[in-house]
Amino acid sequence: NDLKNYSVTTEDKFMELFDLKNVISIEGSSRSGKTTLAKYLCKTLMNEYVPLFLNDQNFSAKDNKKVIRYALEEQYGEAADIDLFMQIGADKAVIIVDGYDLIKKDRWESFWEEYKDKFGHFILFCGIDWNLNIKEKAVEELTENKMYYLKICPFYYSKREQLISKVCLGYPEIDKADIEEKTRKINEDITNQIRYFQLTPDFIHQFVDYYVSFSKIKTQKETNVFSKVFEANITFRLAKNAGEENVQEVMVALDFVADYIHFNKKYPLPSEEFVSAVNLYNERYDNNIHPMFVYEVAKKANIIRNVRDSEGIEFTDENLLAYFTATHLNRSFNEGKDEEKLQYILDNICFPPNGDIILFLSYITSNTQILSPIMASIV
């Protein structure tokens, strides 16, 4: 292989690789910035190429030509002409796919067989592939159109510094002369608590927001900074849309929704069952919060969203689903309920998001009895 290892640190370095490889796979963990990078590359390539951005939801259309047409109209406007687009030379046509690993294999193979010769470049974004098919990879290495694999790295010190500085620049209350020192202090604080961090741009951004808004954090010795930051940002987003007096009610209602989703395996959750889950909260705690109020507030706060081509509702990322499921489980366990649910999660720890539920639960609980089944499962 002519490229054993290749580090992409700039746009120019990526374009060098782009010119050499027709099919590039970019893998990244959850919240590592895959979708943002996919859209950014699409925008950047428009200078010299005609890129088309697709995601896994585009492939719900059974006809491959419709997949292209719908994406074309969404990206370039309803007047976009698919016949004209297909006449563009393959050397200038680029397909960028976000969520490649979420597309059914036979669906992708159908699309690939029809269009592999009509587009000169494919850039495929997917989650970390822990289940590599060795035979398929070996065969792929011997074909002309072999895929070249890149992996998004965690944000280590120097890269974090760049991101933190840019986030700080967005705060008018921080004097520009103090940006460099503020950036250094925040980065050092992350380094000191690195074991509790997700080194993704999303979480680092959340931490900076938390640090600036709650400046006392720099003097605290938090061992559960991940949960603290996560909860503070959720609370802030909900308060902007619901008012501080309603935040706690909405958060508890949402953890009933998360619990209902996870243990009934309803994902996405049908709209009428969202109403049922909120009403379960109303019944248990003798409350009367309106399900539509919870829905509107959570949607505006970017905590839940509607699923395209479906009447369903989902959390905007799995960390949110895991967090709210953990808060529900923690409260129920403290009330002497749902021990079987904790055992179910432990028995199925290898299936996401169960591992993250336990992670959040370990951060937020003060009930030492929860440790007993966890320790028993480890043994």
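# Reading the sheet and the salt bridges

Analyst: In this predicted model, 5 strands form an open sheet in the order 2-3-4-1-5, with parallel pairing. Strands (E, at least two residues) and helices (H or I, at least four residues) are DSSP runs, numbered from the N terminus. Two strands pair if DSSP finds at least two bridges between them.

User: Which are the edge strands?

Analyst: Strand 2 (50–55) and strand 5 (147–151) are the edge strands, each pairing on one side only. From one strand to the next, the twist averages 20°. Axes are lines fitted to C-alpha atoms, for helices over the stretch in contact, and angles run from 0 to 180 degrees between N-to-C directions.

User: How many bridges join strand 3 to strand 4?

Analyst: Strand 3 (residues 93–98) and strand 4 (residues 121–126) run parallel and are joined by 5 bridges. Ile96 has Ile123 in strand 4 as its bridge partner.

User: Which strands does helix 1 touch?

Analyst: Contact means heavy atoms within 4.5 Å. Helix 1 (residues 11–20) packs on the sheet and touches strand 1 (23–27), strand 3, strand 4 and strand 5. The direction of helix 1 makes about 135° with that of strand 1. Helix 5 (residues 105–115) lies across strand 1, strand 2, strand 3 and strand 4, and runs at about 165° to strand 4.

User: What is a salt bridge?

Analyst: Side chains of opposite charge can pair when their charged atoms come close. The rule asks for a side-chain nitrogen of Lys or Arg within 4 Å of a carboxyl oxygen of Asp or Glu. By this rule the count is 11 salt bridges. In one of them, Glu181 pairs with Arg184, the closest N and O atoms being 2.7 Å apart.

User: Where do Glu181 and Arg184 lie?

Analyst: Both are in helix 8 (residues 179–192), 3 residues apart, and so separated by about one helical turn.

User: Is Glu273 buried or exposed?

Analyst: Buried means under 20% relative accessible area, exposed over 50%, and partly exposed in between (1.4 Å probe, protein chains only). Glu273 is buried at 14%. Its salt-bridge partner is Lys266 (2.8 Å, N to O), and Lys266 is partly exposed at 30%. Elsewhere, salt bridges that share partners join Asp259, Asp338 and Lys341 into one network.

User: What limits apply to these values?

Analyst: Residues are numbered from 1 along each chain as its sequence is written, and side-chain values use heavy atoms, leaving out hydrogens and water. Local features need pLDDT of at least 70, side-chain atom pairs count only at pLDDT 80 or more, and totals for chains, interfaces and linings use all residues.
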